[in-house]
Amino acid sequence: MVSEQTDRMPYFSVLRCLADADGLFIPGSDDKTYTASKLYPYILARKPLLAVFHQESSVTEILRATGAGSVVTFDDSHDLNQFKHE
């Protein structure tokens, strides 16, 4: 089951949600310069993590370097049949 809350949450409430979660998902953007502002709390939660980001986003490099989760990357071609999973 997945639930989404689009309202802003207080910082410590977010940390509690990350700690209570069974797994985490970080959606990216088609903007290759986009970096998720809350990336490090997700990494430090030490939960199974899946992220989808542009292959040139700094997030992909950080997740690979830390081994914190799986990242699905895409490039500017937007060919959905060309997803790469690591």
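Let me start with the largest nonpolar core. It has 14 residues, and those touching the most other members are Ile26, Ala36, Leu39, Ala51, Phe53, Val59 and Leu63. By nonpolar core I mean a set of buried Ala, Val, Leu, Ile, Met, Phe, Trp, Tyr and Cys residues joined through side-chain atoms within 4.5 Å. Buried is under 20% relative accessible area, exposed is over 50%, and partly exposed is in between, with a 1.4 Å probe and protein chains only. At least two core residues come from each of strand E1 (24-27), helix H2 (39-44), strand E2 (49-54) and helix H3 (58-66). Helices (H or I, at least four residues) and strands (E, at least two) are DSSP runs, numbered from the N terminus. As background, nonpolar side chains tend to be buried together in soluble globular proteins.

A word on the source. This is a predicted model, in which local features need pLDDT of at least 70 and side-chain atom pairs count only at pLDDT 80 or more, while totals for chains, interfaces and linings use all residues. Residues are numbered from 1 along each chain as its sequence is written, and side-chain values use heavy atoms, with hydrogens and water left out.

The protein has three helices and four strands, in the order α-β-α-β-α-β-β from the N terminus. Of its 86 residues, 24% count as buried.

Contact here means heavy atoms within 4.5 Å. Beyond its neighbours within four places in sequence, Ile26 contacts Ala36, Leu39, Tyr42, Leu49, Leu50, Ala51, Val52 and Phe53.

Next, helix H3. Which residues of H3 are buried? They are Val59, Thr60, Ile62 and Leu63. These sit on the same side of H3, because they cover an arc of only 165° around the axis, the arc being that of the directions from the helix axis to the C-beta atoms. The general point is that an α-helix has 3.6 residues a turn, so residues three or four places apart point the same way. The cover over the buried residues of H3 includes H2, E2 and strand E3 (70-74). On the face turned away from the buried side, H3 carries the exposed residues Glu61 and Ala65. After H3 comes Gly67, with a positive phi near 65°.

Now the loops. Ser57 lies in the loop between E2 and H3. Is Ser57 buried or exposed? Ser57 is buried, at a relative accessible area of 2%. Not counting residues up to four places away in sequence, Ser57 touches Lys32 and Tyr34. Arg46 is in the loop between H2 and E2, and Arg46 is exposed, at 76% relative accessibility. Arg46 has a positive phi of about 55°, although it is not a glycine.

In strand E3 we have Thr73, which is buried at 2% relative accessibility. Thr73 and Glu56 are 17 residues apart in sequence, with 8.6 Å between their C-alpha atoms.

Last, the lining of the largest pocket. It is made up of 25 residues, and Ser3, Gln5, Leu18, Phe25 and Tyr42 lie nearest the pocket centre. The elements giving two or more residues to this lining are helix H1 (11-20) and E1. A pocket, on a 1 Å grid over the protein atoms alone, is an open set of points where a 1.4 Å probe fits, with protein on both sides within 12 Å along at least five of seven lines; lining residues have an atom within 4 Å of a point.
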